[in-house]
Amino acid sequence: MIRKFALAAALTVAAGAASAQDCTAITVEDAFDLDEAQINVLYDCLQEKMATGYAKEGDEIGANYRSWAPTASRPAVAGPHGNRLLNTYANDIAAEQYLKFEEEGFEMPVGSVLAKESITVSIKKKAARPGPLFIMTKVGLDEAPDTAGWLYAGLQPNGKVMKVKQSFCHDCHVGWEAQDHLGYPLEEVRLGQ
């Protein structure tokens, strides 16, 4: 009887693992070819794994960003950040301004934090997996004069802090200088206030 229970439990675990693996499978040749339904399946499959992983090492942002304001209805492939699926959350200080999605003439308040979940889509492996949590924090010009008052950071999917070269991130974000160096979610997924 115990042997049957152990076998049944092992099969259930194996079926669950296979099911989890199946939900990350992709058949497209480019991340940009994923449609809304496919993206939703991937996100539904991976969202708890991402949140748990980012929080694993006790980072305050990694542990709390999901309680912040979502800025999009779902992840989307925007191009930056390695053509990953991206989904951004804004803390209480950032949310009011960020969710206006203004294109010029404003500055985010000091203390604003944006956390951008990412899903890495491997065409070669035909699967998706959690990517890094990218973080932008507005600290002001006194603290970060070379990056327009922003600090860039990231967490690996296992919660370990990434080594981030500030100039590497900022060199890309300077393309959005008029909107305080912020890239926004694609228009079709943006949530407004």
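Tutor: Gladly! Buried means under 20% relative accessible area, exposed over 50%, and partly exposed in between, with a 1.4 Å probe and protein chains only. This is a predicted model, where local features need pLDDT of at least 70, side-chain atom pairs count only at pLDDT 80 or more, and totals for chains, interfaces and linings use all residues. Residues are numbered from 1 along each chain as its sequence is written, and side-chain values use heavy atoms, with hydrogens and water left out.

Student: Why is Glu-104 called exposed?

Tutor: Its relative accessibility is 62%, and exposed means over 50%, so Glu-104 counts as exposed.

Student: What makes Phe-101 and Tyr-184 buried?

Tutor: Phe-101 has a relative accessible area of 9% and Tyr-184 one of 11%. The limit for buried is under 20%, so both labels follow.

Student: Why is the pair of Tyr-98 and Tyr-184 called edge-to-face?

Tutor: Rings of Phe, Tyr and Trp (its six-membered ring) pair if their centres lie within 6.5 Å; planes under 30 degrees apart count as stacked, over 60 as edge-to-face and the rest as tilted. For Tyr-98 and Tyr-184 the centres are 5.2 Å apart and the planes stand at 70°, so the pair is edge-to-face. Tyr-98 sits in helix H5 and Tyr-184 in the segment after helix H6 (166–173), 86 residues apart. Phe-101 and Tyr-184 also make an edge-to-face pair, at 5.2 Å centre to centre and 90° between the planes.

Student: How do you know that Lys-138 and Glu-107 form a salt bridge?

Tutor: A salt bridge is a side-chain nitrogen of Lys or Arg within 4 Å of a carboxyl oxygen of Asp or Glu. The closest N and O atoms of Lys-138 and Glu-107 are 3.8 Å apart, so the pair meets that rule. Lys-138 lies in strand E6 (residues 133–138) and Glu-107 in the loop between H5 and E4.

Conventions:
Helices (H or I, at least four residues) and strands (E, at least two) are DSSP runs, numbered from the N terminus.
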